[in-house]
Amino acid sequence: MVNEVAKGGDSLSSSSKANKLMTLKEAVSSYVKDGSSITFGGFIGRDCLAAVHEIIRQGVKDLLVIDDSKTDVIDMLVGAGCVRRWEGAYAGYGSIGLANNVRRAVERGIPFSVEMEDWSNAAVSMRFLAGGLNLPFMATRSMLGSDMIKYNSRIKVIDDPYSGTPVALVPAARPDVAIIHAQKADPMGNAQIWGFTGNDENKARAAKHTIITCEEIITTEQVRSQGNLTLIPFYCVDAVVQVPYACFPQSCYGYYAYDVLFCGDYHEMSKTREGFLSWLDRFVYGCKDHAEYCRQVGWKRLESMTRLERQFNRI
Amino acid sequence: MHGSGEYVKGKNYTASELMAITTCKEFKDWEVAFVGIGIPLVAGILAKRLHAPNLIIVYESGSIGPEKLRVDFNVGDSSAADGALCLTSEWHVFGDLQCGYYDIGVLGGAQIDRYGNLNTTAIFGEGDYHRPKVRLPGSGGGNDIGSSVGRVVIMMRLEKHRFVEKVDFITTPGFLDGSPGARKRVGLLGGGPAAVVTSKGVFRFRPETGEMYLHTIYPGVDVEEIRQSVGWDLIVSEDLKVVADPFDTELSALRSADPANLILGGAESRKHLSGYDQFVDLTLKHAVK
């Protein structure tokens, strides 16, 4: 089998390999194209909303989103008409409610119909593990006996050739792009992530191109002093972008808490198509970049999320 | 007012509060619990504050055993990592679940049938899977928990459109068609549903048939009322028990676990908050040190 994994700026010159810093606009336009398959890091926390907004601003269409559990990421992309297909486990708002834009798209084709392919979180995790190991598939004991198997023909239930008991096989996920928010990264692309890490290490390895956004840029010497914190090594990474508060209103462990009230307000607004569109006008189309989004949200509010995180999280 | 909706008639608690307190009694000290966000999590936190201080809560985002100072608002809220024994990756936690390390899981659902099969994917209505009446979030980790955890506790409001003869979509298998060994035959490792805690009473399952039966009712609830809310011919325990009213200590522990009433109260109570300052004040005041 041909090794298809080679990436991480293979075609870059030596100086570009040492310094992958760019703007979010450049990173998204370089790697996220109409029809791309894409995944996002984080787990309803450390989700890179700034990149989602930029994708919407650039008017990218027909995305295939492969992911485990998402709230704002998938709801906004679907509502903005960027998504053709979802292969995932969870698109909702937890105790806040259902994903209004996803509902409108699936139930009524507004603004476009979205194909849904259902998996469980463990199944998606195994798909990215297979992708990250450059294996064609992985096995799981989830989904057996469920209707996910009935409606999703890519889940193959076989008898384990060694013991004879049933297992479900799931195909490797190898998206075109992964966008992962880290607490810190160096210009080479070594990404340091702490707190819970979702499937980020495997998403970065499985994707053909990986964009790292981060709260802080550090030096490679600083990376070397705490190599255990590096979840994603530079050779998986094509672009590094510093974007403080990139996850707002989601949380970033150690930096800012989840703004449940902001998220609740969005959820209220998005109950109608008109409400969602006016939200987009204000917070996405009305802001030329993430810094303007931060101003629109209000620095005081962002700082209060940092204060809340420091008050409650013992790091 | 705490919880959603009105107080139960003549009582000082709401149905959702009684559900949370009843669920919390399903956890045992030193168990490892895979708990979803929302009321199940509040029940887990409550258990830790009452009879099960060493209960270990696990989150699918990759957090094992956090000792949090405040309630989480979603499964990836950074408080979900607060004071954790181990912070790791999602696939490791699901691997540990599949290895059998986790004793109990708590799930919710939109539809359930008599064998405890759960639907969290779609309500078809006149449509189908591809164009349903209501598209729900999907499995998330629910299927994984229901497949492999030691035993499952389900929390659902008792309403006729939820307790149905046949679910539109089996997201998380219970006892499937109820035939002996049905779970094992398809390859499932976990023990399946142990209890369904509802807004009117608690159901458990007959081991030989996998069928749900009414085990306990809440004070002031009539069995006939429950029969009317279930879409099949319900079996009622010959030894039907009535659950006691919660103690004031239980109610106050519950209310301090969710001081701004954001989980139990939902969207309505967000409107009553004047803003973050009030939220922070309330949460700090009730935080466990």
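Start by selecting chain A and colouring by burial: buried residues make up 55% of its 315 residues. Keep in mind as you click around that this is a predicted model.

**Stop 1: chain A as a whole**

Switch to cartoon and you'll find 13 helices and 12 strands in chain A. The radius of gyration of chain A comes out at 19 Å, close to the 20 Å that the globule rule gives for 315 residues, so chain A is as compact as a globular protein of that length.

**Stop 2**

Select 17-121 + 173-312 for domain 1 of chain A, then 137-171 for domain 2. Their C-alpha centres lie 30 Å apart. How many residues of each domain are in contact with the other? The count is 4 residues from domain 1 of chain A and 5 from domain 2 of chain A. By class, the domain 1 side of that contact has 1 nonpolar, 1 polar and 2 charged residues.

**Stop 3: a helix pair in chain A**

Now zoom in on residues 49-57 of chain A, which form helix α3, and residues 72-79 of chain A, which form helix α4. At what angle do these two helices pack? It's about 5°, with the axes 10 Å apart. Angles under 35 degrees count as roughly parallel, which is why α3(A) is described as roughly parallel to α4(A).

From α3(A), show A:Leu49, A:Val52, A:Ile55 and A:Ile56; they meet A:Asp72, A:Val73, A:Met76 and A:Leu77 in α4(A). The residues of this contact divide into 7 nonpolar, no polar and 1 charged.

**Stop 4: where chain B touches chain A**

Zoom back out and bring in chain B. Here 64 residues of chain B are in contact with 60 residues of chain A. To see which elements of chain B give two or more residues to its side, select these:

- helices α3 (90-99), α4 (142-148) and α5 (182-186) of chain B
- helices α8 (267-272) and α9 (276-286) of chain B
- strand β9 (134-135) of chain B

Finally, colour chain B's side of the contact by residue class: 29 nonpolar, 24 polar and 11 charged.

Terms used
Residues are numbered from 1 along each chain as its sequence is written. Chains are lettered from A and ligands numbered from 1 in the order in which they are written. This is a predicted model: local features need pLDDT of at least 70, side-chain atom pairs count only at pLDDT 80 or more; totals for chains, interfaces and linings use all residues. Axes are lines fitted to C-alpha atoms, for helices over the stretch in contact, and angles run from 0 to 180 degrees between N-to-C directions. Helices (H or I, at least four residues) and strands (E, at least two) are DSSP runs, numbered from the N terminus. Angles under 35 degrees count as roughly parallel, over 145 as roughly antiparallel, 65 to 115 as roughly perpendicular and the rest as oblique. Two residues are in contact if their C-beta atoms, placed from the backbone, lie within 7 Å. Ala, Val, Leu, Ile, Met, Phe, Trp, Tyr, Cys and Pro count as nonpolar, Asp, Glu, Lys and Arg as charged, and the others, Gly among them, as polar. Domain bounds come from an automatic or database domain assignment. The radius of gyration is taken over C-alpha atoms; the globule rule is 2.2 Å times the number of residues to the power 0.38. A residue is buried if 20 or more other C-beta atoms lie within 10 Å of its own, exposed if 12 or fewer, and partly exposed in between; C-beta atoms are placed from the backbone.
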